[in-house]
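Have your viewer open and follow along.

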Amino acid sequence: MGKPTGFMDYKREEARAFSVKERIKNYSEFHTPLSLDGQKKQAARCMECGVPFCQSGLNIGGMISGCPLNNLIPEWNDLLFRGSVEQAYRRLRLTNNFPEFTSRVCPALCEKACTCGANGDAVTVRNNEYMIVETAYSQGFAKPQPPKARTGKKIAVIGSGPSGLAAADQLNQRGHSVTVFERSDRIGGLLMYGIPNMKLEKRFVERRISIMKEEGVEFKTNVNVGKDISAEELKEHFDRIILCCGASNPRDINVKGREAEGVYFAVDFLKSTTKSLLDNGLKEGTYISAKNKNVIVIGGGDTGNDCVGTCVRHGAKSILQLEMMPKLPDSRAENNPWPQWPRVCKTDYGQQEAAGVYGSDPRVYQTTVKEFIKDKNGKLIGAVLVKLAFEKDEKTGRMNMRQIESSQREVKAELVLIAAGFLGSESYVTKAFGVETDARTNIACNNNSHLTSVENVYAAGDVHSGQSLVVRAIRDGRDCAREVDLSLMGYTNL
């Protein structure tokens, strides 16, 4: 695959990021891709390694190693290297409905499992994928392809996030009539309102949605299933129903002063910014603003980082990002060998920008909020922070956290964003359909399938598996579509 000596002839070169000073001026994507010829050289680095862990999607050491979609990475790297971009796009689309999304927001599990990365620099798989799909659009390969025949079967997909869109795309291509219901005013779910515009410009989501519409998928916005339309009505009009509602129930924190004005869930903060940006160009007063405020972000994951990057662009006075866990090592530990997912400290774009603007990394480890402080009008003015210590329970062997009372300190804060993850599905949806849920409130399915406890009702994505990655949601949507097609037709070629 690629050039036999490519990994020795060419150094890894990634798309270049704009400087912090430049990119925080707007909410646009901030990388300059290589030229097509430059990306061909990067594709040439894909070696004939024999065992391509990059496409394996295996669970190794409790973490996914390689692409969950089992993308045929060495094959389309070779096609890109040889200049056969249209063929590379066709091969890419065999396993991935939305490479325009994953090439922007996926954490590139493929690269972490790349054989070149075992003793050097991994192949730029994500950048190669980006070049393939964007060239396909610019040269007209990525055009609508409506199915040639219809089966007469009707399917309702509830939720238009990555899993819902993937299921809808697969089933529509099979010839079924698919209607996607979305409670928000725009299609895309997590892709539209959960991921900031600077990571995924919404015009690219809308571009793919337009193609799906031309291919025959029907989209209905501002329809909250379970409230605006009943589950019984959907069961009456559709042969199958797929619940792709996401794990949209945010995890809260229970501390004194939580009710203070100025404490928000991260998902509400991020949505308000993106919606205002699209509606009116961020007109003052139409979104939750961090401008001139001391901000605390609670949570160290991707959502917390997105909050940091957004607050920098708002013009926050200061930003603290609290992480309960200790800082991870800067390089792989001996008990975390390749091709496992590297459990190392990652400094993402938001933290880089905060460091560039405020002079230091915003993260504070092994720290949480003990109390929110409010003024006489109930507005947030500060928080009491406390350090955490981890101790091993001799009986259970588990690590428990305890607060170090002597470490308490008070900081100013006019805005707090809770990015502590999600607990699972929202109960009004599961109750409307009468489906069973597990201990984590995810929808319980039969025998490791996607079929719920209710006949002809299926579940996919985060509502099925819990909060996860866009790429895994796409895979789950595809797998669910295959089950649904098999149940309808008696066989499937999906």
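A residue counts as buried here when its relative accessible area is under 20%. Cys110, at 11% relative accessibility, therefore counts as buried. Please keep in mind that this is a predicted model.

**Cysteines**

- How many disulfides does a search of the whole structure find? The search finds zero.
- Cys110 is in no disulfide, and the nearest cysteine sulfur, which belongs to Cys106, lies 6.2 Å away.
- Cys480 is in no disulfide either; for this residue the nearest cysteine sulfur is that of Cys244, at 6.1 Å.
- With a relative accessible area of 0%, Cys480 is buried.

**Nonpolar cores**

- The largest nonpolar core is made up of 66 residues. Val157, Leu165, Leu191, Met212, Phe219, Ile242 and Val484 are the ones with the most contacts inside this core.
- Which helix gives the largest share of this core? Helix H18 (residues 470-489) does, with seven residues.
- Another core, of 20 residues, lies apart from the largest one. Its members include Ile229, Ala231, Tyr428 and Phe433.
- Leaving aside neighbours within four places in sequence, Ile242 is in contact with Ile155, Ala156, Val157, Ile158, Ala167, Leu171, Tyr458, Ala460, Cys480 and Val484.

**Salt bridges**

- Across the whole structure, a search finds 35 salt bridges.
- One of them joins Arg12 to Glu111, with 2.9 Å between the closest N and O atoms. This pair links distant parts of the chain, 99 residues apart: Arg12 sits in the loop between helix H1 (6-9) and strand E1 (16-17), while Glu111 belongs to helix H7 (residues 109-112).
- Is Glu111 buried or exposed? At 11% relative accessibility, Glu111 counts as buried, whereas Arg12, at 24%, counts as partly exposed.
- Arg104 and Glu134 form a salt bridge through their side chains, at 3.1 Å from N to O. Because Arg104 lies in helix H6 (residues 99-105) and Glu134 in helix H8 (residues 125-138), the pair ties together parts that are 30 residues apart in sequence.
- Both Arg104 and Glu134 are buried. They also belong to a network of salt bridges that links Glu29, Arg104, Glu134 and Arg207.
- Lys256 forms a salt bridge with Glu371, and here the closest N and O atoms are 4.0 Å apart. Lys256 lies in the loop between strand E9 (249-250) and strand E10 (263-265) and Glu371 in strand E14 (residues 367-374), so this pair ties together parts that are 115 residues apart in sequence.
- Lys256 is exposed, with a relative accessible area of 60%, while Glu371 counts as partly exposed at 26% relative accessibility.

**Helix H15 and the residues around it**

- Asp348 is found in the loop between strand E12 (318-323) and helix H15 (349-358).
- Why does Asp348 count as buried? Its relative accessibility is 17%, and the cut-off for buried is under 20%.
- Not counting residues up to four places away in sequence, Asp348 touches Asp302 and Asn305.
- Within H15, the residues Tyr349, Gly350, Gln351, Glu353 and Ala354 are buried.
- What do the buried residues of H15 pack against? They pack against helix H2 (20-23), helix H14 (302-314), E12 and strand E13 (363-365).
- Gly359 follows H15, and its phi is positive, near 100°.

**A nonpolar surface patch**

- Met324, Met325 and Met401 form a nonpolar patch on the surface, and together they have about 290 Å² of accessible area.
- Met401 is found in strand E16 (residues 399-412), and at 41% relative accessibility Met401 counts as partly exposed.

**His464**

- His464 lies in helix H17 (residues 462-465).
- Not counting residues up to four places away in sequence, His464 touches Asn442, Ile443, Cys445, Ser449, His450, Ala459 and Asp476.
- How far apart in space are His464 and Thr452? They are 9.4 Å apart, C-alpha to C-alpha, and twelve residues apart in sequence.

Technical notes. Residues are numbered from 1 along each chain as its sequence is written. This is a predicted model: local features need pLDDT of at least 70, side-chain atom pairs count only at pLDDT 80 or more; totals for chains, interfaces and linings use all residues. Side-chain values use heavy atoms; hydrogens and water are left out. Helices (H or I, at least four residues) and strands (E, at least two) are DSSP runs, numbered from the N terminus. Buried means under 20% relative accessible area, exposed over 50%, partly exposed in between (1.4 Å probe, protein chains only). Contact means heavy atoms within 4.5 Å. Patches are made of residues with over 30% relative accessible area and no salt bridge: like charges are joined within 9 Å, nonpolar side chains (Val, Leu, Ile, Met, Phe, Trp, Tyr) within 5 Å. Accessible areas come from the Shrake-Rupley method with a 1.4 Å probe; for residues, only the protein chains shown count as cover. A nonpolar core is a set of buried Ala, Val, Leu, Ile, Met, Phe, Trp, Tyr and Cys residues joined through side-chain atoms within 4.5 Å. A disulfide is a pair of cysteine sulfur atoms within 2.5 Å.
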